Amino acid sequence: MTQSGVMFGTSGARGLAISMTDAVCFAYTVGYLKHLETIGEFKAGTSVAVAGDLRPSTPRILRACMAAITWMKGVPVFCGFVPTPALCVYAFARGIPSLMVTGSHIPDDRNGIKFNRAGGEFLKNDEASMREQEVVLPEGWFDQGRQLVHPLVQPAITNVVADYVARYRDFFGKDALAGLTLGVYQHSAVGRDLLVAIVEALGGKAVPLARSDTFISVDTEAVRPEDAKLALEWGSSGKYDAILTTDGDSDRPLLADRHGHWLRGDVLGIVAAQALDAAAVTTPVSSNTALEMAGFARSVRRTKIGSPFVVAEMMAAVEEGLVPSVGYEANGGFLLASDVTRRGRTLGALPTRDAVLPMLCALVAARDNDTDLSGLLASMPPRFTLSDRLKNIPTQVSLDRLAALRQDLVAGLAALRLSDGCGAVKQMDETDGLRLTFEGGDIVHLRPSGNAPELRVYVEASTRGRAEELLKLGMAGISSWQQ
């Protein structure tokens, strides 16, 4: 891990595509399977489901992963290029391990491998055990450039799409979206065609938009200005009741109202959790505090950022009998820890990020309340969150800067020009990064990304205008940290 520069982040192994040589990806996969052997989830003859996104480097990495499965005497089940949650629906239902080759939202010069256990996501204790495994590469399988030369017969694609579509059609009903015209921003998301199929299976009219032949990095937590502009243009046409899209591996949603305003993922999570009558809601510390203000959940649990932390805590809620138990992240990824029953129909648990469920929940909830998405959001407590990121700042630099800020908060905030703009600090939360709540209710949260050399800035305020001011203040302040 150290020598290659391909390290574990919050969602699996990630690094530059050129660093993710076939040998490195092979070794990671062998280590993963050796760990599963120790806990009884893998042995010779075990099927392992694999899939990938649409990045240029994905097919090569998939081949290396399948070679590792074969060498370990497992049986690779190639599910094609499909969303991460579609892969998980298939694998979890069969109790088999699975892995997804994806870099999610990060630039296309990078990639990653997301590992899953037989019944859920790879958690932090799994990662620790995997690191301890001894892996020896087979002789003659790789050339001097660490690329795979051993012949491999790639299995035929196993269709997992039909079950994923049926999951939502059977729960919401084939007329749930009838009468709605929905724009589907396709860019290069792996689930772009599947999203169209799901909309149509629920009775809606899907209009594909802006399909791309090259990979576009869409971050649902930090929307690109060009994507914001596109949505506003589509909204101004008056043709669409909403616009739907996802990130690269289609496990994180991005939903816009009929005016073309993208909804924040943590706001979408609140809407979905309430629509599902969740008793327990788990979400990272960075998510919108309107969740607590809404008051519908019996238990609200805050964690570090990253689906493994959310999964662990929402499963703890299930063990305590708090069901339905759900989780979501600020990027919009929604996780279902327990089955949910609505109007006599049951949706099975899916304890991994899903992009489709929260978007459908919001659209159906708006219809049930005789309004649209804008009207639905207007009924929520007035808290507004925004985020951005400072790119190309080494993680260690961010950590050092945050450590210095903690040591002398008064001087540090003055240097960032946040003291004048926000006032005194009321609360400091170090659950993940540094989250500061000021006396007036403003929140500024600084956190190094776990997947890329970026520093994330999250803000929250009681009005959208104030949130925009806070984000400008925060980004302007930390821009000097690159020097």
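**Note on the predicted model**

1. H187 lies in strand β7, which spans residues 181–187. The model is a predicted one. The phi angle of H187 is near 25 degrees, a positive value in a residue other than glycine. With a relative accessibility of 0%, H187 counts as buried.

2. R343 also has a positive phi, near 55 degrees, and is a residue other than glycine. R343 sits in the loop between β15 (340–342) and β16 (345–347). Its relative accessible area is 64%, so R343 is exposed.

3. A cis peptide bond joins V323 to P324, with omega near -5 degrees. P324 is found in the loop that runs between α10 (307–319) and β13 (325–328).

4. The largest nonpolar core holds 69 residues, and C79, F172, L177, I198, L255 and L357 have the most contacts inside it. Helix α11 (residues 356–368) supplies the largest share of this core, ten residues. A second, separate core has 36 residues, including A23, Y28, C65 and V101.

5. Leaving aside residues up to four places away in sequence, C79 touches A49, V50, A51, L87, Y90, I157, T158 and V160.

6. Helix α5 (residues 161–172) and α11 have axes that come within 12 Å and cross at roughly 25 degrees. The two helices, α5 and α11, are therefore roughly parallel to each other. Their crossing is right-handed.

7. In the contact between these helices, Y164, Y168 and F172 of α5 meet V356, L357, L360, C361 and V364 of α11. The residues of this contact are eight nonpolar, no polar and no charged.

Note on methods
Residues numbered from 1 in each chain as written. Predicted model: local features only at pLDDT ≥ 70, side-chain atom pairs only at ≥ 80, totals over all residues. Heavy atoms only, no water. Core = buried A, V, L, I, M, F, W, Y, C linked by side-chain atoms within 4.5 Å. Buried < 20%, exposed > 50% of the residue type's maximum accessible area, 1.4 Å probe, protein only. Helix = DSSP H or I, 4+ residues; strand = E, 2+ residues; numbered from the N terminus. Contact = heavy atoms within 4.5 Å. Axes fitted to C-alpha atoms, helices over the stretch in contact; angles between N-to-C directions. Parallel < 35°, antiparallel > 145°, perpendicular 65-115°, else oblique. Left-handed = near helix turned anticlockwise from the far one by under 90°. Nonpolar A, V, L, I, M, F, W, Y, C, P; charged D, E, K, R; others polar.
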